[in-house]
Amino acid sequence: MESQLHYDTSFSNILRSSLPSSNLTTDSVNTTQHNSVSVFEGCEQMVSGIIFDLTMQSFNVIIGIPANILVLANLINTRNEPLTSDIFLGCLAFMDAYFGFMTIISFINLYHWRSAMAWMALKFSYGVKDTSGPLLLSCVCLDRFIAVIFPIAFGQLKDIKYRIGLAVVVLLLTFAYASAKTVGGIHNFEKVFTGEVLFAFTWMVVCNVAILWALKRSRGSGKDEMNPMKRKAFKMVLSILIIIISNYLPPVALFPFEDHYPRQVFTCYVQPVCFAFVNISSTIQPLTYLSRLEKVPFLPESCAEKLSCKEKNNPSKE
């Protein structure tokens, strides 16, 4: 039991594992206070994967938290003229900012507090991160999909109550998953995350292909330029697809083959590196959103112009 406890208190495993939270009693955590605690515990000879994960989490604190706050500020400033998907983007920005703040708590707890309750709160935050990102991005994609493929139905479903209802369902699923992850002890619980991300990834591809097909049809009708609404929807969904591929494909591609890796290789290399790609989405997603804005709240225009990738309108064509 002592060796098992020593292994489970490794920083990279204690938050992502599905072991029962009974292993994290206050007494058991206190027994480590007089011992040397390290983020590399159990992986002292294979530290590169954990260093990579810590680097990505540092980006979330330094860049991700301010970026998500700016996204929330912009959504508040434009609340009188909201887009239909703003409620999903707002929930996503809030969850990512929350995850960034919990990263700070994780380091404080690792080296100072060493509280069992704090570890459980951190496991909950990782559960929120695992679920909220893929599901909320899927909702954004669903919104754009209906807008482009079924514009009449989209007009009938523009009432915000439908999106609030869907957001509530996503939040309930997120908190249920995070709670189960915090309690732990569920057999093969990690496969829920793999299946969820695989579903989200497949849905993103379907949305992107369907919207691309619709855009080609509109061009084929003799129009020289894409419909502005469809072009905007395509760019949004394409950016989401890139995020999904770069951030969520690595764990989906590698985690199903966990049994084929040596245990230490999977724990010290594969797992932290794959989750590092998932974690950095908390920075990439808000930066992608901010790059599409003409004006970023609280930033000087010179900084906003450098950040923005939005094409400027040509006055001669207006």
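Asp 130 is buried, and Lys 181 is buried as well, where buried denotes under 20% relative accessible area, exposed over 50%, and partly exposed in between, using a 1.4 Å probe and protein chains only.

First, the basis of the model. The model is predicted, so local features need pLDDT of at least 70 and side-chain atom pairs count only at pLDDT 80 or more, while totals for chains, interfaces and linings use all residues. Residues are numbered from 1 along each chain as its sequence is written, and side-chain values use heavy atoms, with hydrogens and water left out.

Asp 130 and Lys 181 join through their side chains in a salt bridge, at 3.5 Å from N to O. By salt bridge I mean a side-chain nitrogen of Lys or Arg within 4 Å of a carboxyl oxygen of Asp or Glu. Asp 130 belongs to helix 6 and Lys 181 to helix 8 (residues 160-183), so this pair ties together parts that are 51 residues apart in sequence. Helices here are DSSP runs of H or I with at least four residues, numbered from the N terminus.

By this rule, the count comes to 4 salt bridges. One of them is formed by Asp 96 and Lys 129, whose closest N and O atoms are 3.2 Å apart. Asp 96 sits in helix 5 (residues 86-113) and Lys 129 in helix 6, so the pair ties together parts that are 33 residues apart in sequence. Both of these residues, Asp 96 and Lys 129, are buried.

Asp 143 forms a salt bridge with Arg 144, with 2.7 Å between the closest N and O atoms. Asp 143 is buried, and Arg 144 is too. Salt bridges with shared partners join Asp 143, Arg 144 and Arg 163 into one network.

Lys 123 lies in helix 6, which spans residues 116-149. Lys 123 is buried, with a relative accessible area of 2%. Its C-alpha atom is separated by 9.5 Å from that of Gly 184, 61 residues apart along the chain. Asp 53 lies in helix 4 (residues 48-77) and is buried, with a relative accessible area of 9%. Leaving aside residues up to four places away in sequence, Asp 53 touches Pro 272, Phe 275, Ala 276 and Asn 279, contact meaning heavy atoms within 4.5 Å.

Let me turn to the surface. Which residues form a nonpolar patch there? They are Ile 69, Phe 101, Ile 104, Ile 108 and Trp 113, with about 440 Å² of accessible area together. Such a patch is made of residues with over 30% relative accessible area and no salt bridge, nonpolar side chains (Val, Leu, Ile, Met, Phe, Trp, Tyr) being joined within 5 Å. Accessible areas come from the Shrake-Rupley method with a 1.4 Å probe. Helix 5 provides the largest share of the patch, 4 residues. Ile 69 is in helix 4 and is partly exposed, with a relative accessible area of 43%.

A search of the whole structure finds 4 cavities of 30 Å³ or more. A cavity is a set of points, on a 1 Å grid over the protein atoms alone, where a 1.4 Å probe fits but cannot get out; its lining residues have an atom within 4 Å of a point. The largest cavity has a volume of about 150 Å³, volume being the space filled by probe spheres set on the points. Of the 15 residues lining the largest cavity, Leu 89, Leu 92, Gln 285, Tyr 289 and Arg 292 lie nearest its centre.

Key
Helices (H or I, at least four residues) and strands (E, at least two) are DSSP runs, numbered from the N terminus. Patches are made of residues with over 30% relative accessible area and no salt bridge: like charges are joined within 9 Å, nonpolar side chains (Val, Leu, Ile, Met, Phe, Trp, Tyr) within 5 Å. On a 1 Å grid over the protein atoms alone, a cavity is a set of points where a 1.4 Å probe fits but cannot get out, and a pocket is an open set with protein on both sides within 12 Å along at least five of seven lines; lining residues have an atom within 4 Å of a point.
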